[in-house]
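Biologist: I am new to this model, and I would like to learn how its features are read, one at a time. Please begin with the sequence and the structure.

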Amino acid sequence: MKRIFITGASGCIGHYIAETLINYTDYELYFLVRNPDKLLFNYNSRPGIHLIEEDLKNINQLSDFLKTVNIAILAATSWGGDVESYEINVSSMIDLINLLDSEVCQQIIYFSTASILDKNNKPLPEARTLGTNYIRTKYQCYTQLQKLPVYEKIVTVFPTLVFGGEHNKPYSHLSGGINDVTKWIGLIRFFKIDGSFHYIHAKDIAQVIKYLIENPSLAITNKDIVLGNKKTTVNEAVETICKYFNKRIYFRIPLSITLANMFIKIFQLRMEAWDYFSMNYRHFTYKKTIVPSSFGADDYCATIENIMNLSDPKEEKN
């Protein structure tokens with residue numbers, strides 16, 4: 001029986017991965033958690049589910065156990081300050097990978113973020129120099145992976161914009177703030193914005209992870225996998241949201257950088273270096289993206305309309 005070790009189970013993506021592996025596989029599952037009270041899934045629903053209560057910072061204490069792991073799914077991340085982000089996202093993650101036995105471990109699925117990639121799916125230099133603590137440390141860790149002895153076992157997944165969350169799963173940062181976006185749709189609809197992006201639901205991420213586990217040869221031949229639906233423009237997304245709320249678009253004013261900077265000053269918005277870079281970069285799109293339908297499975301959330309229906313924004317349609 002394969003032993004699968006999972007970090008980051010208390011997060012949005014982690015909950016969907018846990019639910020998928022618990023309900024649709026019979027693998028021996030080991031979840032590294034700091035606080036079991038944050039787990040909303042039923043970890044007593046079947047035999048073979050184990051909680052390891054430990055902090056990723058103390059990963060060296062699990063050295064003997066990690067040598068017995070067959071598959072590692074590394075989804076844990078820190079969004080905190082500079083020191084904590086580096087300690088969790090880089091130092092502890094590299095230490096963990098190095099503790100895995102290359103003779104026993106068959107596969108390592110490491111979660112990065114698509115924000116560190118350019119349009120050709122190559123590392124984006126600005127992610128290292130201008131990125132937030134989260135983005136910068138994800139860049140640093142990714143660029144160190146190829147130096148590790150077990151690099152041939154590692155497949156890196158790069159989620160694009162992640163939606164997800166429900167009554168028994170924590171919401172992603174985007175889904176948690178979607179009501180703030182829809183609150184301003186009455187104003188946003190009158191601006192034309194030059195930009196495009198990909199997105200994916202956490203449940204679809206979990207389906208892809210399960211597929212990669214069951215098809216390890218595919219994962220190894222595809223070292224880097226960007227997770228996301230086909231690209232959509234900001235204008236298309238706004239049109240879909242307006243249609244959802246039955247709001248007409250009478251005219252649209254191009255939102256130039258100058259006009260955007262004026263709004264930033266008027267509303268006294270807090271902007272970081274990465275925010276200004278994003279305003280100019282605009283098109284966070286990638287050469288190739290993967291969703292469950294890429295492997296012949298059904299996508300759970302493939303459109304902006306699906307996102308709106310699943311998110312159930314509180315603003316009333318009118």
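**Reading a packed model**

Modeller: The cover over the buried residues of helix H11 includes helix H7 (178-183), H8, S8, strand S9 (196-197), strand S12 (232-233) and helix H14 (304-311). Here helices (H or I, at least four residues) and strands (E, at least two) are DSSP runs numbered from the N terminus, contact means heavy atoms within 4.5 Å, and buried means under 20% relative accessible area, with exposed over 50% and partly exposed in between, for a 1.4 Å probe and protein chains only. The model is predicted, so local features need pLDDT of at least 70 and side-chain atom pairs pLDDT 80 or more, while totals for chains, interfaces and linings use all residues. Residues are numbered from 1 along each chain as its sequence is written, and side-chain values use heavy atoms, without hydrogens and water.

Biologist: Which residues of helix H11 are buried?

Modeller: In H11, which spans residues 234-244, they are Asn-235, Ala-237, Val-238, Ile-241, Cys-242 and Tyr-244. After H11 comes Asn-246, which has a positive phi near 55°.

Biologist: Is Arg-189 buried or exposed?

Modeller: Arg-189 counts as buried because its relative accessibility is 15%. Arg-189 sits in the loop between helix H8 (185-188) and strand S8 (191-192), and, leaving out residues up to four places away in sequence, Arg-189 touches Val-238, Cys-242, Lys-247, Arg-248, Ile-249, Tyr-250, Phe-251 and Arg-252. A polar atom of the Arg-189 side chain lies 2.7 Å from the backbone oxygen of Arg-248.

Biologist: How are two packed helices described?

Modeller: One gives the angle between their axes and the distance between the axes. Helix H3 (residues 82-99) and helix H5 (residues 133-145) pack at about 20°, with axes 9 Å apart. H3 is therefore roughly parallel to H5 (under 35 degrees; over 145 is roughly antiparallel, 65 to 115 roughly perpendicular, the rest oblique). The residues in the contact of H3 with H5 comprise 8 nonpolar, 6 polar and 2 charged.

Biologist: At roughly what angle do the axes of helix H12 and helix H13 cross?

Modeller: The axes of H12 (residues 257-266) and H13 (residues 273-281) cross at roughly 150° and come within 11 Å. H12 is therefore roughly antiparallel to H13. Ile-257, Ala-260, Asn-261 and Ile-264 of H12 make the contact with Tyr-276, Met-279 and Asn-280 of H13, and by class this contact has 5 nonpolar, 2 polar and no charged residues.

Definitions and conventions. Axes fitted to C-alpha atoms, helices over the stretch in contact; angles between N-to-C directions. Nonpolar A, V, L, I, M, F, W, Y, C, P; charged D, E, K, R; others polar. Polar contact = N/O pair within 3.5 Å; in protein donor to acceptor, adjacent residues only side chain to side chain.
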